[in-house]
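This report describes a sheet, the strand within it, a ligand shell and some backbone exceptions. The sequence and structure come before the text.

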Amino acid sequence: MTDTPLLQPAPESIERRPLSTAARILMGGPVVLVTTTWRGRSNVMPLAWHMPVSSDPALIAIAIEQSRYSVDMIDHAEEFALNIPKRPMLHHVQYLGALSGEHVDKLEAAQLAHFAPARVSAPLIEGCAAWIEAGVRHQLPFGDHVVYIAEVMAVHVDPASFGERWRTDAGEDRPLLYLGGTAYSTLDREQEARPPRDLEAPERILAERIAEELELTTEARERREEIEGQLADEVQRGNIVDVSELAADLDIDDADKLDLSGGVVLGEPD
Ligand SMILES: Cc1cc2nc3c(=O)[nH]c(=O)nc-3n(C[C@H](O)[C@H](O)[C@H](O)COP(=O)(O)O)c2cc1C
């Protein structure tokens with residue numbers, strides 16, 4: 001008989017949730033617009049369920065619910081393009097997810113300008129941050145979805161949005177992340193991980209690093225509160241405040257992280 005170690009019960013603060021929550025927990029990546037063309041008709045659908053599956057050859061996977069018109073389109077065309085919209089396109093994305101291309105020309109309805117792809121027939125949508133053209137290699141039905149494993153045939157990026165990786169400092173050129181429902185987000189800041197080098201005591205070094213990170217968070221919050229206090233005073237006195245200067249003091253890249261709801265503040269004109 002093997003000794004089963006006694007495990008601690010789950011902490012009381014932890015909640016049990018329905019199985020469907022698993023998919024939402026795994027979300028938060030860039031939403032994509034899947035474009036397809038077949039027999040002169042094109043379609044576009046927003047999609048959040050995607051992942052890379054192989055680097056050599058470069059393969060990606062997308063999961064589409066079986067009833068979608070895009071399934072018919074991809075089954076026939078055996079190729080598609082992924083267009084990664086920039087942050088300002090969130091309303092377009094939500095709109096395109098509420099219609100089926102079976103009865104409506106969604107590209108036309110949303111007035112989306114597009115341009116010629118390099119390797120597939122699906123159109124590439126203007127104003128996006130990156131584009132991936134792909135040819136289907138496997139079509140696998142799983143549950144109520146169909147998973148397409150597709151080989152990457154061409155990749156294009158807007159360098160304002162993507163250098164060696166997504167640029168977190170790219171403002172409106174940042175990609176749109178999807179959290180579920182009607183909730184979206186953007187990439188906020190980049191952080192560099194510093195794993196322990198001393199293999200003798202990784203647990204000590206890792207514990208120190210967590211303490212360091214928490215301290216940095218507290219420090220940043222206290223500094224922000226202090227600056228917000230100063231700002232409120234200035235506004236109360238009727239002074240004009242240069243928000244961009246304050247943001248620089250705070251070492252943050254955009255002033256929208258300050259709570260300006262307490263008064264009218266005049267900043268630099270755009
Ligand atoms: C942000 C967002 C993400 C979505 N992700 C997916 C997805 O990963 N898979 C899917 O089957 N449908 C997804 N949908 C729903 C489809 O986009 C929606 O049903 C669309 O109208 C299907 O279009 P079609 O019938 O023209 O193919 C998503 C919708 C939104 C708004």
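In strand 9 (residues 145-157), Val147 is the bridge partner of Ala63. Strand 4 and strand 9 are antiparallel and joined by 7 bridges. The model is predicted: local features need pLDDT of at least 70, side-chain atom pairs count only at pLDDT 80 or more, and totals for chains, interfaces and linings use all residues. Residues are numbered from 1 along each chain as its sequence is written. Helices (H or I, at least four residues) and strands (E, at least two) are DSSP runs, numbered from the N terminus. Two strands pair if DSSP finds at least two bridges between them.

Axes are lines fitted to C-alpha atoms, for helices over the stretch in contact, and angles run from 0 to 180 degrees between N-to-C directions.

The sheet is open, has 7 strands in the order 2-1-5-8-9-4-3, and its pairing is antiparallel. Strand 2 and strand 3 (50-55) are at the edges with a single partner strand each, so one side of each has no neighbour in the sheet. From one strand to the next, the twist averages 35°.

**Strand 5**

How many residues of strand 5 (residues 79-85) are buried? The count is 7 of the 7, so strand 5 is largely enclosed by the rest of the structure. A residue is buried if 20 or more other C-beta atoms lie within 10 Å of its own, exposed if 12 or fewer, and partly exposed in between, with C-beta atoms placed from the backbone. In a regular strand the side chains alternate between the two faces of the sheet. Glu79, Ala81, Asn83 and Pro85 point one way from strand 5, while Phe80, Leu82 and Ile84 point the other way.

Strand 5 is antiparallel to strand 1 (residues 32-38), with 3 bridges between them, and Leu82 is the bridge partner of Val34. With strand 8 (residues 128-142), strand 5 pairs in the antiparallel sense over 7 bridges; there Pro85 stands opposite Cys128.

**The ligand shell**

Around the ligand there are 20 residues, of which Trp49, Ser70, Gly97, Ser100 and Gly101 come nearest. A residue is near a molecule if its C-beta atom, placed from the backbone, lies within 6 Å of it. Two or more shell residues come from each of strand 2 (41-47), strand 4 (58-65), helix 2 (69-77) and helix 3 (90-96). Strand 2 gives the largest share, 4 residues. The shell divides into 12 nonpolar, 6 polar and 2 charged residues. Ala, Val, Leu, Ile, Met, Phe, Trp, Tyr, Cys and Pro count as nonpolar, Asp, Glu, Lys and Arg as charged, and the others, Gly among them, as polar.

**Backbone exceptions**

Most residues other than glycine have a negative phi, and most peptide bonds are trans.

A cis peptide bond joins Asp56 and Pro57, with omega about 0°. Pro57 lies in the loop between strand 3 and strand 4.
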